[in-house]
Each structure stands twice: as C-alpha cells, then as structure tokens.
Amino acid sequence: MKLGFSPLTAGLTYRQSFDLAAELGLFLEIAYDQHEMDPRLPGARELAEMGRAAGVGFSLHLPFVDWNIASLVPQVQQLSLQRTQQAIHFGAEIGAACGVLHTGLVPLRLPEAVVHAGQNLHRALHQLELAIPVALENLGLNGTDLLETPAELAALLETHPQYGCCLDVGHALIQRGSHGPQEYHRLLHAGLIHFHLHDNRGSWDEHLPCGAGVVDWAWVRRVLQEFTGTAALEVTGGAAGVRQSVALLRGGKG
Ligand SMILES: [Zn+2]
C-alpha cells in the first residue's frame with residue numbers, strides 16, 4: 001500500500017508538502033478545486049515536474065466545491081461534468097495514481113428529485129472518459145448527499161464496473177457508527193483502489209489526525225497490510241498531524 005496526504009486538509013503549502021512527502025516517502029493528494037480557484041498554483045505540467053524533482057507521486061481529489069454532478073439544474077449538471085472531465089485530464093497529466101469522485105447531492109430531498117438525480121448520476125458516470133482510475137467515495141454525511149447507504153454505493157459500482165471505490169473510514173464511522181468502516185469494507189472490498197484516512201469522535205467530520213478520535217486503527221492497519229492500492233491521509237494539524245498519523249499507521253500502537 002502506498003501512503004500519502006492531502007496538503008489542503010493538512011493546511012500546508014506545496015513547498016512544505018513536497019519536503020514532508022519526500023522525507024516520509026509519501027505521495028500527495030492534490031485538490032483540483034484549489035487549482036481551479038487559485039491561479040497562483042502550479043499548472044499540471046509544472047506540478048508533474050515538481051513531483052519528479054522531489055520523487056513524490058500523486059493522487060487527485062476531483063472537484064467537489066460548488067459542484068453537483070447529479071444536479072437537477074441542467075447547466076449546473078453540465079458544468080459539473082465538464083469540470084470533472086477537465087480534472088481527470090489534469091490527473092492524467094500529473095500521473096495521478098487515481099482520482100477520487102463524490103456522487104452528487106440532492107439539496108431538496110423530494111422523492112421525485114432523488115429519482116431524477118440518480119438518473120443524472122448514472123448518465124454522468126457513463127459519459128466521463130476515465131484517463132486515470134477513478135474511485136467513487138462514500139459520503140452519506142447528511143441529508144443532502146444523494147447516496148444514503150453502503151448498499152446504494154455497492155449497486156452503483158456494480159452498474160459502472162469501470163469505476164473503483166474509495167473507502168473513507170471517517171465518513172463511514174459518522175454515517176454508520178463504530179462498525180461503519182467494516183460494513184463498507186465487507187460490501188466494497190473487491191473494487192477498493194483507494195482509502196481516505198482521518199479520525200473523528202463519531203459525530204461530525206472533524207478530519208482529526210489518526211488516533212485522535214474513535215476510528216478502530218488496529219482494524220485499519222490490518223486491512224491496509226493486504227491492500228495494494230493507495231491511501232491518502234485527510235488530516236488536519238499541519239505537519240505534526242501528518243507525522244502522528246503516519247507513525248500510527250506504520251506500526252505505532254492503537
Ligand atoms: Zn474523503
């Protein structure tokens with residue numbers, strides 16, 4: 001398993017992040033939204049060069065800010081699809097191991113809206129050209145997320161087998177309780193290509209360093225031992241939060 005971290009969640013600049021990643025042998029999970037919003041950030045070619053120079057690889061979080069690939073507003077849906085496709089090409093240019101994709105929102109949860117949003121999601125997943133492996137991430141954090149259960153994500157992946165799955169252990173804990181990560185893993189392990197690793201105390205998406213909440217890290221470590229994909233830390237707490245999490249996952253206690 002290859003381990004990495006998100007500079008966005010850690011609150012680190014790229015310079016700080018490349019240094020830390022090179023020192024600890026980690027990859028970086030790039031947040032495409034930041035690159036859309038901040039023209040000062042390096043373009044794909046420059047970022048790829050920075051990675052080569054530092055010996056640091058990438059994964060990519062595809063857009064999720066002001067984004068809804070299942071939107072019932074056609075213009076919003078279309079723009080979300082276009083941005084996602086551009087991000088996938090960006091991911092190919094930086095040589096990202098995979099891209100992580102959310103599964104859309106239903107801001108106004110009427111029965112009819114849920115049906116149509118689901119159809120939009122299916123159509124979008126069908127239309128995207130996957131220049132890199134793309135992993136659908138479990139959310140279900142509140143009533144606006146389109147998918148509400150692990151079974152729905154499993155069914156979606158069955159319908160679209162060209163996609164992999166990203167298991168976010170922190171999200172699973174909040175959504176399904178203390179055995180949420182195991183429940184998702186049982187259902188989805190065949191298609192798992194990526195993990196999101198962070199901790200919380202079970203009630204909200206705190207993105208704490210690993211070990212600072214109630215995620216069962218002994219279980220996560222056992223699962224990761226046999227896992228051949230990538231796992232990105234999405235932890236707050238700066239370099240210290242990343243170091244603490246890496247130490248726990250690479251053989252500390254827990
Ligand atoms: Zn995540």
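How many strands run in the closed barrel, and in what order? Here are a few notes on this predicted model.

1. Eight strands form a closed barrel in the order 1-2-3-4-5-6-7-8, and their pairing is parallel. On average, neighbouring strands of this sheet are turned by 30 degrees against each other, direction ignored.

2. **Strands 2 and 3, with a helix on the sheet.** Four bridges pair strand 2 (residues 27-31) with strand 3 (residues 58-61) in the parallel sense. Look for L28, whose bridge partner in strand 3 is F58. Helix 5 (residues 74-93) packs on the sheet and touches strand 3, strand 4 (99-101) and strand 5 (134-137). The direction of helix 5 makes about 160 degrees with that of strand 4.

3. **Where strand 8 sits.** Strand 1 (residues 2-5) runs parallel to strand 8 and is joined to it by four bridges; K2 has T230 as its bridge partner there. Strand 7 (residues 192-197) is also parallel to strand 8, again with four bridges, and L197 is partnered with L233. Together with helix 10 (residues 217-225), strands 7 and 8 make a right-handed β-α-β unit.

4. **Side chains of strand 8.** In a regular strand, side chains alternate between the two faces of the sheet. Along strand 8 (residues 230-233), T230 and A232 point one way while A231 and L233 point the other, and all are buried.

5. **The core.** The largest nonpolar core has 74 residues, and A135, C165 and L167 touch the most other members. Leaving out residues up to four places away in sequence, the contacts of A135 include C98, V100, L101, Y163, C165, I193 and H194.

Definitions and conventions. Residues numbered from 1 in each chain as written. Predicted model: local features only at pLDDT ≥ 70, side-chain atom pairs only at ≥ 80, totals over all residues. Buried ≥ 20, exposed ≤ 12 C-beta atoms within 10 Å, placed from the backbone. Helix = DSSP H or I, 4+ residues; strand = E, 2+ residues; numbered from the N terminus. Pairing = 2+ DSSP bridges. Right-handed = clockwise from strand over helix to strand, strands pointing away. Core = buried A, V, L, I, M, F, W, Y, C linked by C-beta atoms within 7 Å. Contact = placed C-beta atoms within 7 Å. Axes fitted to C-alpha atoms, helices over the stretch in contact; angles between N-to-C directions.
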